[in-house]
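Here is a walk through one protein model, taken a piece at a time. Have the sequence and the 3D view open side by side as you read.

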Amino acid sequence: MREIFALDAERISLVASDRISTFDVVLPTPIPDKGRVLTGLSAFWFSRTRHLVRNHFLELGPDGRTMTCRRLEMLPVEFVVRGYLAGSGWRDYRETGRVCGHVLPPGLLESDRLPEPIVTPATKAAEGHDLNVDEAEAERLCGSDRYPAAREAALALYGFASAHAEAHGVVVADTKFEFGVAPGGSVLLADEALTPDSSRFWPADGYAPGAPQPSFDKQFVRDWCEQTGWDKTAPGPELPGDVVSGTRARYVEAFERITEIVFAEYVERPEVVL
């Protein structure tokens, strides 16, 4: 969850809080240091993927949770890239053999690696839950010039990041990218990039298809929420202490594995991720 502040006509400030949401509802209990993890990982990826696609990142703040960014016209869909069969993709596949219009081979298991990564766009709902759409609808919403550029960038980013993460013991099962358009028409990567909030991160050393995987992301909180019987409408439930500490530990481990930087060092010196 981020607060957005206008700095001037060309720049905004994004401040990542410690709030967490599940099923599009903000929960009342914060996760300590969550905002710093998301900002640090985003800055890490933004600074290492400019050769693939330009992005909105300009400066990292000394608090480790603030980024100064270019102001963009945001595209109206999220670009979810899936390399593995999990979450809503797995549910859709079991029912139809497809995921957002992509026909997949029969006989795949939950958490199986896909033959190749696929793009499964989702609309950005102002209220309620985001909705998956097929690529034809996403292109209609974004425009026939902007959608292919963003799609190509999303696949390139996923390929680069998943190879890096896997070499450091993390499987990027899927991730969400957002893009905006700069003055002049260029499509730029925006929002956050490859964080535990926008991705499914699994430990590579325990990966075994056929069931849900352990994770370094908010799935731990989702699973707890599902077990409470909560109806997934506001207000969300308070999180117990063990869920808070367990979530923080998973987020920090994702940060440390991917960046090879001790999180406490980042808190003291945010610039170490750049």
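This is a predicted model: local features need pLDDT of at least 70, side-chain atom pairs count only at pLDDT 80 or more; totals for chains, interfaces and linings use all residues.

Residues are numbered from 1 along each chain as its sequence is written, and side-chain values use heavy atoms, with hydrogens and water left out.

Let's start with the sheet. Strands of a sheet pair through backbone hydrogen bonds, either parallel or antiparallel. Here you have an open sheet of 4 strands in the order S1-S2-S6-S5, with antiparallel pairing. Strands here are DSSP runs of E with at least two residues, helices are runs of H or I with at least four, and both are numbered from the N terminus. Two strands count as paired if DSSP finds at least two bridges between them. At the edges sit strand S1 (2-6) and strand S5 (57-60), each of which pairs on one side only. On average, neighbouring strands of this sheet are turned by 25° against each other, direction ignored; the axes behind that angle are lines fitted to C-alpha atoms (for helices, over the stretch in contact), and angles run from 0 to 180 degrees between N-to-C directions. If you zoom in on S5, you'll find that S5 pairs with strand S6 (residues 66-70) in the antiparallel sense over 3 bridges. Phe57, for instance, has Cys69 in S6 as its bridge partner.

Now look at Ser21, which belongs to strand S3 (residues 21-22). Ser21 counts as buried because its relative accessibility is 16%; the cut-offs are under 20% relative accessible area for buried, over 50% for exposed and partly exposed in between, using a 1.4 Å probe and protein chains only. Leaving aside residues up to four places away in sequence, Ser21 touches Met1, Val26, Leu27 and Lys218, where a contact means heavy atoms within 4.5 Å.

Next comes helix H1 (residues 34-48), where you'll find Gly35. H1 has 15 residues and reaches 22 Å from its first C-alpha to its last, close to the 21 Å expected at 1.5 Å a residue; that expected span is 1.5 Å times one less than the number of residues. Of the 15 residues of H1, 12 are buried, so the helix is largely enclosed by the rest of the structure. Among them are Val37, Leu38, Leu41, Phe44, Trp45 and Phe46. Gly35 itself is buried, with a relative accessible area of 0%. Beyond four places away in sequence, Gly35 touches Ala16, Ser17, Asp18, Gly64 and Arg65. Gly35 and Val15 are 20 residues apart in sequence, and their C-alpha atoms are 7.8 Å apart in space.

Helix H2 (residues 87-96) has two sides to compare. An α-helix has 3.6 residues a turn, so residues three or four places apart point the same way. In H2, Gly87, Gly89, Trp90 and Tyr93 are buried. They cover an arc of only 150° around the axis, which puts them on the same side of H2; the arc is that of the directions from the helix axis to the C-beta atoms. What do the buried residues of H2 pack against? They pack against strand S8 (77-84), strand S9 (98-99) and strand S14 (199-203). On the other side of H2, Glu95 and Thr96 are exposed.

Side chains of opposite charge can pair when their charged atoms come close. Counting a side-chain nitrogen of Lys or Arg within 4 Å of a carboxyl oxygen of Asp or Glu as a salt bridge, the total comes to 19 salt bridges. One of these joins Glu3 and Arg19, whose closest N and O atoms are 2.8 Å apart. Glu3 lies in strand S1 and Arg19 in the loop between strand S2 (11-16) and S3, so this pair ties together parts that are 16 residues apart in sequence. Glu73 and Arg146 form another, with the closest N and O atoms 3.1 Å apart. This pair links distant parts of the chain, with Glu73 in strand S7 (residues 73-74) and Arg146 in helix H4 (residues 146-167), 73 residues apart. Finally, Glu78, Lys176, Glu178 and Asp191 are linked in a network of salt bridges.
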